[in-house]
Amino acid sequence: MTPTLNTSVTYLKGLGPQRTALLAERGITTVGDLLSYLPFRYEDRIHFTPIARLVPGQVATVRAEVESGSLMRFAHRRDAMFHLLVKDDSGKLAARFFHGAYLDGKLRPGQPLVLHGKPSLDPNRPLRTEMINPEFELLRAGNGSADSTEVGRIVPVYEAIGAVSSRILRRIIYAALQGLTGDVADPLPSGVLRRYAFPSRREALIAIHFPPHDADVETLNEFRSPAQVRMIFEEFFLYQLGLAVRRQHEKQQVGIPMRVREERIREALKRILPFKPTGAQKRVLAEIVGDLEKPTPMNRLLEGDVGSGKTIVALEAATIVIENGYQVALMAPTEILAVQHYLSARRTFAPAGYSVDLLVSGIKPREKAHTLERITSGTAQFVVGTHALIEDRVTFAKLGMVIIDEQHRFGVLQRKRLFEKGAAPHALVMTATPIPRTLALTLYGDLELSILDEMPPGRTPVETRWSAENQLPGVWEFVRREVGAGRQAYIIYPVIEESKLELKAATAEYERLSKSVFPQLKVRLLHGRMRSDEKDDAMERFRRGEIQILVATTVVEVGVDVRNATVMVIEHADRFGLAQLHQLRGRIGRGSAKSYCILVAPKSITGEGHERLETLVATSDGFQIAEQDLKQRGPGEFFGTKQHGDVAFHIAHPLRDHKLLELARGEAFALIADRAREPEMKTLLAYLGPVWQKRFQLASVG
Ligand code: ADP
Ligand code: MG
């Protein structure tokens with residue numbers, strides 16, 4: 001039979017039941033899936049480096065044969081090191097493999113192989129080069145060059161899938177491509193192919209797995225060959241097309257158009273404003289107002305660094321909705337934050353006389369019943385709460401808008417359930433994770449995006465430094481001085497109770513700090529597992545200045561706003577992620593007094609932990625920090641894949657390829673907007689459905 005992309009991989013030679021099962025675990029069941037498994041690197045195996053010409057420190061590929069190999073067991077460990085000696089016409093090369101027991105008996109003298117790695121000088125024999133843990137591949141005995149998938153070409157290197165090595169993958173993918181005589185459907189519209197001079201999908205697949213002889217290895221390894229560019233574009237295009245479809249669907253929904261141009265409403269907006277808004281706040285409010293007026297529901301993401309003043313923008317939007325006779329719900333991820341929003345909304349809305357209610361799980365049953373009743377009857381105009389808002393028994397009389405604060409803390413379903421409390425309410429989701437615009441487009445491309453890129457006036461930048469653990473006495477002395485000058489301080493720990501890890505736990509440290517370090521000061525503990533009334537009490541007293549030092553975990557990470565707090569000490573700072581440290585630091589520097597953030601870490605820290613601290617010391621720009629974080633961790637981990645839906649791109653990388661992303665987005669949205677191209681769309685959508693299901697479970701409010 002002639003295999004097509006839909007043929008099951010079981011028809012391929014060299015794939016028994018075991019390997020098939022391993023592939024299936026990775027979602028590879030058809031030839032098409034297999035061909036979508038792309039190389040992450042390429043090796044030039046046309047031009048091997050002769051051993052004699054290896055340069056220490058320069059990665060190279062060597063073709064050689066085994067001279068000898070031996071396993072050395074360590075006396076006190078179960079571990080073993082495999083020593084290998086190989087030779088080519090020009091000389092000999094040593095290689096050492098840690099945990100090398102698996103190689104014992106596999107590498108017989110005379111066995112031809114390819115080694116890829118970074119040579120260094122062998123410390124024991126100064127004239128010999130060695131490679132530590134090089135990648136290697138055995139060639140068929142005899143004349144290796146006879147096998148065209150292994151040498152004599154630019155060779156693709158795949159990430160092994162369990163026991164299915166790069167080499168096996170290469171062979172079966174090669175076979176699949178050879179047999180692929182049927183049509184390869186191309187999802188890219190012909191106009192797009194022409195405009196960008198892209199190769200067809202079929203050509204691209206062949207060239208991406210087995211690049212032509214004259215291809216440039218460096219270009220390939222930068223993912224910039226024509227075939228790679230096309231496949232990257234395709235991935236973005238399909239993804240954006242899905243977003244565009246979703247957005248179009250939302251636009252057809254009937255929402256609640258709000259009146260905004262009346263004098264009465266303008267007056268109300270002015271009345272509640274406690275300060276002069278920044279230019280960015282005005283611009284964003286205008287964007288929101290534009291949405292609220294429309295007959296389709298608003299679907300907007302408000303992005304702004306910590307402290308950029310998102311809350312007041314949200315409350316202004318709420319004012320419009322309430323003046324139109326509808327209710328507004330604001331959901332926050334923690335009770336502490338919900339309470340804070342509740343208190344600040346009460347203050348802000350006092351001149352307007354709107355009712356403000358709080359719904360969190362910590363309130364007394366009778367109070368709760370009362371609040372539920374007010375929500376159902378429509379008496380409650382502005383309701384602030386936590387997840388308690390999405391419980392079944394919460395029914396709104398007339399929900400006109402939902403606001404979600406710190407949206408990245410909620411799952412897709414939780415957000416969706418809140419929207420379903422009304423009939424197509426307007427939605428404003430806010431995040432303090434300042435994602436670069438291009439990335440926001442990738443992830444939330446079905447939302448409109450507003451960015452608050454200006455800080456309210458009167459802020460003095462936070463001074464950040466990092467301090468070794470043995471300098472803590474000096475740090476405490478500094479805290480004492482600041483508190484003596486009337487300020488307040490946060491001291492942050494990564495865990496609540498003492499654990500096996502030698503992290504200082506908040507509870508134990510609280511005991512110690514309050515008894516022996518700051519005996520004359522008012523110190524309180526705050527962590528997520530305390531009872532709600534205790535939490536509220538601690539937070540409220542800190543806000544009122546009755547407590548001087550708050551010893552806390554990351555419960556204060558989001559949203560907490562106490563202007564008089566000017567010092568934050570973060571112990572074990574190297575254990576936190578970059579974005580998290582930035583969020584924590586955002587708790588200070590909120591007033592006009594100078595603030596200080598002191599990151600405490602072991603004196604000896606190195607590597608990424610150290611880099612993170614240096615980044616924080618160097619900049620307070622959330623966008624820069626987010627970008628840095630992304631580079632260090634990659635998009636998956638950055639977003640915490642669970643909550644953000646797994647945006648599983650095979651080859652595209654939103655940061656590296658942001659230009660292609662923008663092009664693809666433009667093409668996808670243009671296609672959807674063009675009625676004349678509807679027939680074209682139909683075919684595409686049929687193609688798109690399964691791709692979306694399999695790969696993109698997008699986090700979206702829809
Ligand atoms: P975030 O964007 O992190 O949620 P908030 O909305 O909590 O920030 O605002 C941070 C602080 O800045 C609050 O104390 C708020 O009252 C204040 N603020 C916001 N906008 C302005 C402004 N235009 N002028 C002065 N202060 C402002
Ligand atoms: Mg906030």
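1. Buried means under 20% relative accessible area, exposed over 50%, and partly exposed in between, with a 1.4 Å probe and protein chains only. Helices (H or I, at least four residues) and strands (E, at least two) are DSSP runs, numbered from the N terminus. With these terms, helix α12 can be read: its face turned away from the buried side carries the exposed residues R366 and H370.

2. Some ground rules follow. This is a predicted model, in which local features need pLDDT of at least 70 and side-chain atom pairs count only at pLDDT 80 or more, while totals for chains, interfaces and linings use all residues. Residues are numbered from 1 along each chain as its sequence is written, chains are lettered from A and ligands numbered from 1 in the order in which they are written, and side-chain values use heavy atoms, with hydrogens and water left out.

3. On the chain as a whole: the secondary structure comes to 23 helices and 22 strands. The C-alpha trace spans about 90 × 70 × 40 Å along its principal axes. Of the 702 residues in the chain, 55% are buried. Contact means heavy atoms within 4.5 Å. Among contacts between residues at least 6 apart in sequence, 74% join residues at least 24 apart.

4. Back to α12 (residues 365-377). Its 13 residues, at 1.5 Å a residue, should span 18 Å, and its end C-alpha atoms are 18 Å apart, which agrees. The expected span is 1.5 Å times one less than the number of residues. The buried residues of α12 are K368, T371, L372, R374 and I375. Seen down the axis, these buried residues fall within an arc of 160°, so they line one face of the helix. The arc is that of the directions from the helix axis to the C-beta atoms. The buried residues of α12 pack against β11 (327-331), β12 (356-359) and β13 (382-385). After α12 comes G378, with a positive phi near 95°.

5. Buried in α15 are L472, V475, W476, F478, V479, E482 and V483. Down the axis of α15 its buried residues fall within an arc of 155°, so they line one face of the helix. The face turned away from that buried side carries the exposed residues P473, R481 and G484. Packing against the buried residues of α15 are β17 (463-468), β18 (488-492), α16 (506-517), β20 (549-552), β21 (565-570) and β22 (596-601). Just after α15, G486 takes a positive phi of about 95°.

6. Which residues other than glycine take a positive phi? Among them are N133, near 45°, and A424, at about 50°. Most residues other than glycine have a negative phi. N133 lies in the loop between β7 (129-132) and β8 (135-138), and at 41% relative accessibility N133 counts as partly exposed. A424 is in the loop between α13 (412-419) and β15 (426-431).

7. On a 1 Å grid over the protein atoms alone, a cavity is a set of points where a 1.4 Å probe fits but cannot get out; a pocket is an open set with protein on both sides within 12 Å along at least five of seven lines; lining residues have an atom within 4 Å of a point. Grid points are joined across faces, edges and corners, and a volume is the space filled by probe spheres set on the points.

8. The second largest pocket has a volume of about 880 Å³. Its lining has 36 residues, of which F275, T311, D561, R563 and R590 lie nearest the centre. The elements that give two or more residues to this lining are α10 (310-323) and α11 (335-349). α11 gives the most, with 6 residues. By class, the lining has 12 nonpolar, 13 polar and 11 charged residues. Ala, Val, Leu, Ile, Met, Phe, Trp, Tyr, Cys and Pro count as nonpolar, Asp, Glu, Lys and Arg as charged, and the others, Gly among them, as polar.

9. How many cavities of 30 Å³ or more are there? The count comes to 1. The largest cavity has a volume of about 40 Å³, and is lined by A432, T433, P434, A579, H582, Q583, G622, I625 and A626. α18 (578-585) and α20 (622-639) are the elements that give two or more residues to its lining. This lining has 5 nonpolar, 4 polar and no charged residues.
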